[in-house]
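Subject: Structure handover

Hello,

Here is the structure you asked for. My notes follow below it.

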Amino acid sequence: MQVSTDKNRLILIVAFVALVGLLFIAFINKPPKVIDLQTYNNFLKNDLFKKAEIRDYEVILFTQEDIYSIIKDGISIEELLEKVPVEVKHSSDLSSLSFAFLLLLFIIVIAFVFAKRVKRVEKTQVNEQRQRAPELEPLSFNRKIKPSKSSVRFDDVAGIDDVKIELTEIVDYLKYPQKYLDFGIKLPRGVLLVGPPGVGKTMIAKAVAGEADVPFFYHSGSSFVQIYVGMGAKRVRELFENAKRYAPSIIFIDEIDAVGKARGGGRNDERESTLNQLLTEMDGFEDNSNIIVIAATNKIEMLDVALLRAGRFDRRVFLSLPNIKEREEIIDVYLLGKTHNVKSSEIAKMTVGFSGAALSTLVNEAALNTLKRDAMRVEIDDFLDVKDKVLLGKHKILSYSDEEKKIQATYQAAKALSAYWYEVDFEKVTMLNSFIKDVEKEIESKTQMSSKLKVYLSGFVACELIYNETYTNAALDLKKAKMIADEMVQVFAMGEGIIPSSIDSANLIDEAIEDVEQFLARTKKAIKKLETLLLEKESVTKSELQRVVGEFL
Ligand code: ADP
């Protein structure tokens, strides 16, 4: 209201100033009166002319009161010059014209200044309104968030066939959403790719986009978390807004743990508001929104459980470091098109612990080495020359000595066996990871929680039992076990009494250790068998484990 009154006032003022200006111009442009020769002679004789202007064809004569004009050729200029001060002007009305021009300019400047003032008033008023009601701020479509078109296909990703099979369904859904809607099938909105760095999580997400031929929005979790509270949330909002405009589309959030770390402990308002926004966006999807959010993490155990609830990232796909067969396939992919004389199986054998990314670097470095020695063909020696460099360089990779491998195999075998025995769900166990399905159920019993506790302690207990020694590889699991025990006591009163005490957590852990010790002592043979299998194949699935250890349990 205020704004429009000001505008009206401005129009009135400008109109008024313009009118005055025009009247003034009309006034000063008043045409001089034409006089005849007789009157002229009279006026001249009586010295009534104060000033004269000689123009092209006329003479303008100024008396005290009036202005007169007479044809130049009709009078004697010499006579006039004797009596009256005379000015010669060539363009008859130049002075009045320039004056009018200046006046017009003046009017324009005044109008401009006024317009600016009103605009400023308007702006402050809008700002005040915004400050009063920030939630009403319309969401802007941020054009900087652009999707990319992915040219990666499933065939470009070597190995991980089981992952591809899982994701084929998502591709199909993105391609033919109606088919699923008609059948009333709900597909996951969020897929969580879990696995160590460099195993191809980003690559496979891109391949899903490439296969489905939909736009791909890449975002790293850490880029959401800003210094200013609210900025991250705004970015999340904008990202989803853009993805909706491009739907069907894929949003890929790398390192989601940067946003989705379990809450509690030190408060971080910015991260929390960002996480809340992410949860809100995911809950707000309509079933036909055709957006799939794929997120990647290395640390699922660190994620806030809210993220893992139904309707959010409820589909989880585990990727592990490639096993010997997969390494061979990846090496083949990168050797393709290079002249070489190596057996990829040989290289696969010597690259335990290498990720897909590391293998691609290794092949590249080996080829560079070939060039350096001015040779035409990549040889096995090129690989041997650069292997340590890749290991020690910026792509630092976990690579175990034989003894370390054995310890790790024992550790993981014990964990797998316990998980099986205590009925804690898991998919597979590898040399480096045991994919325990640690998803919070709505209601969990004390027995179920202590079973998990036992599984996390079993690697540690097994090493003590078998090697009479404890090792640093237990660090993460021990941390997790302590977290579970504390939660049991402090949150769920599963200790001695309702009021938590730290002794209760210690007691729970002691009891669990005792139980696991007894179990593992009985099953040393099964551990040995699993250990050998792990060393040989690097990973064991649940069904394989069942087959192998059945006879011992
Ligand atoms: P992550 O997201 O798991 O950290 P990336 O997808 O970024 O890993 O992988 C990095 C690079 O490693 C890829 O661009 C690709 O060159 C290579 N790579 C990783 N895994 C594979 C694979 N299975 N097949 C082919 N190349 C791979």
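Start with Gly210. Gly210 touches Ser150, Val152 and Arg153, leaving out residues up to four places away in sequence; contact means heavy atoms within 4.5 Å. Ser150 lies 60 residues from Gly210 in sequence, yet their C-alpha atoms are 4.7 Å apart. Gly210 sits in helix α7 (residues 201-212). Its relative accessibility is 2%, so Gly210 counts as buried (under 20% relative accessible area, with a 1.4 Å probe and protein chains only).

Two notes on the source. This is a predicted model, so local features need pLDDT of at least 70 and side-chain atom pairs pLDDT 80 or more, while totals for chains, interfaces and linings use all residues. Numbering runs from 1 along each chain as its sequence is written, and side-chain values use heavy atoms, without hydrogens and water.

Next, a helix pair. Helix α17 (residues 402-421) packs against helix α21 (residues 524-537) at about 120 degrees, with axes 8 Å apart. Axes are lines fitted to C-alpha atoms over the stretch in contact, and angles run from 0 to 180 degrees between N-to-C directions.

Strands are DSSP runs of E, at least two residues; helices are runs of H or I, at least four. Strands pair if DSSP finds at least two bridges between them. Val34 stands opposite Ser69 in β4.

Best wishes

Notes: Buried means under 20% relative accessible area, exposed over 50%, partly exposed in between (1.4 Å probe, protein chains only).
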